[in-house]
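Here is a friendly briefing to read alongside the model. Take a moment with the sequence and the fold before going on to the notes.

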Amino acid sequence: MPSPLTTTLIQSTLLNALSNILAQIIAQHKKAGPFTLNTLALLQFLTYAVIIVPINFSWQKYLEARWPGFPGRRGPVAATGAEAKGGAGAGAVVVTVDPGDLLPVKEKEKHNPHRVSGARWRWRWRSRSRSGLGNFLMKFFLDQTVGSVMNILLFIVLINVLKGVGWRRIGELVLEDFGPIMIARLKYRPVVSALLYTVVPVERRVVFGSACGVVWGIYLSLYAAV
């Protein structure tokens with residue numbers, strides 16, 4: 001049975017291959033003569049995809065583990081004893097119980113009254129902060145900012161390294177290309193992110209993003225001058 005990462009990698013790579021081939025068809029449509037597949041460009045784009053998919057897979061797992069849940073539902077706050085023995089699932093937050101917490105309330109207050117009041121305050125704050133809507137907004141915001149910047153920079157650097165471009169020129173291309181690609185990404189990514197963090201399980205998010213991003217992959221392939 002392949003791991004979720006292996007399944008995601010295979011499916012996303014196939015979708016990226018499709019987007020690159022479609023981009024080549026579009027690019028050569030205005031040219032005279034039969035279509036000829038640019039195998040080197042396809043391999044470069046697929047190599048980029050193989051590198052970037054595990055990074056995005058880990059990124060989505062981190063977001064869900066740190067801010068679990070969907071809008072309208074609270075993320076898990078603590079694992080039960082059975083869950084702790086069987087292994088916490090993705091996004092679960094395991095709470096370690098201090099021996100002092102097992103004392104009766106009066107004994108705990110005698111033991112450390114400041115600690116008890118502080119623990120109650122932290123529990124109330126964490127309960128409020130675990131709302132599904134708040135976690136969704138945090139994941140949505142980080143995906144549009146940190147996630148977008150990370151993906152765009154990796155695309156510009158990796159695709160040009162694979163094409164044999166020197167590092168000095170790559171630095172210039174980062175300054176030239178980052179703005180236009182970021183603007184283009186913001187035209188479609190918010191809708192994808194809204195769906196990702198409301199209805200799509202974490203292990204399917206990279207594949208779903210790749211499926212929604214076939215058009216985006218075509219754009220990137222054309223931008224890379226396939």
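## Briefing

The buried residues of α9 are covered by elements that include α1, α2, α6, α8 and α10. Here, buried means under 20% relative accessible area, exposed means over 50%, and partly exposed lies in between (1.4 Å probe, protein chains only). Contact means heavy atoms within 4.5 Å, and helices (H or I, at least four residues) and strands (E, at least two) are DSSP runs, numbered from the N terminus.

This is a predicted model, in which local features need pLDDT of at least 70 and side-chain atom pairs count only at pLDDT 80 or more, while totals for chains, interfaces and linings use all residues. Residues are numbered from 1 along each chain as its sequence is written, and side-chain values use heavy atoms, with hydrogens and water left out.

**Overall picture**

- The protein has 10 helices and zero strands, giving the pattern α-α-α-α-α-α-α-α-α-α along the sequence.
- Of the 226 residues in the protein, 35% are buried.
- Among contacts with a separation of 6 or more, 74% are between residues 24 or more positions apart.

- Helix α1 covers residues 4-28, and its 25 residues should span 36 Å at 1.5 Å a residue; the end C-alpha atoms are 36 Å apart, which agrees. The expected span is 1.5 Å times one less than the number of residues.
- Buried positions in α1 are Thr8, Ser12, Thr13, Asn16, Ala17, Ser19, Asn20, Ala23 and Gln24.
- Those buried residues of α1 pack against α2 (39-66), α9 (205-212) and α10.
- Thr13, which sits in helix α1, has a relative accessible area of 17% and therefore counts as buried.
- Apart from neighbours within four places in sequence, Thr13 is in contact with Leu46 and Val50.
- In α9, the buried residues are Arg205, Val206, Val207, Gly209 and Ser210.

**How the helices pack**

- Two packed helices are described by the angle between their axes and the distance between the axes. Axes are lines fitted to C-alpha atoms, for helices over the stretch in contact, and angles run from 0 to 180 degrees between N-to-C directions.
- Angles under 35 degrees count as roughly parallel, over 145 as roughly antiparallel, 65 to 115 as roughly perpendicular and the rest as oblique. A crossing is right-handed if the near helix is turned clockwise from the far one by less than a right angle, and left-handed if anticlockwise.
- For residue classes, Ala, Val, Leu, Ile, Met, Phe, Trp, Tyr, Cys and Pro count as nonpolar, Asp, Glu, Lys and Arg as charged, and the others, Gly among them, as polar.
- The axes of α7 (residues 167-185) and α10 (residues 214-223) come within 11 Å and cross at roughly 165 degrees, so α7 is roughly antiparallel to α10.
- On the α7 side, that contact is made by Asp177, Pro180, Ile181, Ala184 and Arg185, and on the α10 side by Trp216, Tyr219, Leu220 and Tyr223. The α7 and α10 contact has seven nonpolar, no polar and two charged residues.
- α6 and α7 have axes 9 Å apart and pack at an angle of about 135 degrees, so α6 is oblique to α7.
- The α6 and α7 crossing is right-handed. Residues making this contact include Gly147, Ile152 and Ile156 of α6 and Leu173, Phe178 and Met182 of α7, and the contact divides into 14 nonpolar, five polar and two charged residues.
- α8 and α9 pack at about 150 degrees with axes 10 Å apart, which makes α8 roughly antiparallel to α9.
- Val192, Leu195, Leu196 and Tyr197 of α8 meet Arg205, Phe208, Gly209 and Cys212 of α9. By class, the α8 and α9 contact has six nonpolar residues, one polar and one charged.

**Two residues to look at**

- Lys139 lies in helix α6 (residues 132-162) and is buried, because its relative accessible area is 0%.
- Leaving out residues up to four places away in sequence, Lys139 touches Leu63, Glu64, Trp67, Pro68, Gly69, Tyr197 and Arg205.
- Thr198 belongs to helix α8 (residues 189-199) and counts as partly exposed, at 27% relative accessibility.
- Beyond residues up to four places away in sequence, Thr198 touches Phe70, Pro71 and Phe136.
- Thr198 and Gly132 are 66 residues apart in sequence, and 9.6 Å apart in space, C-alpha to C-alpha.
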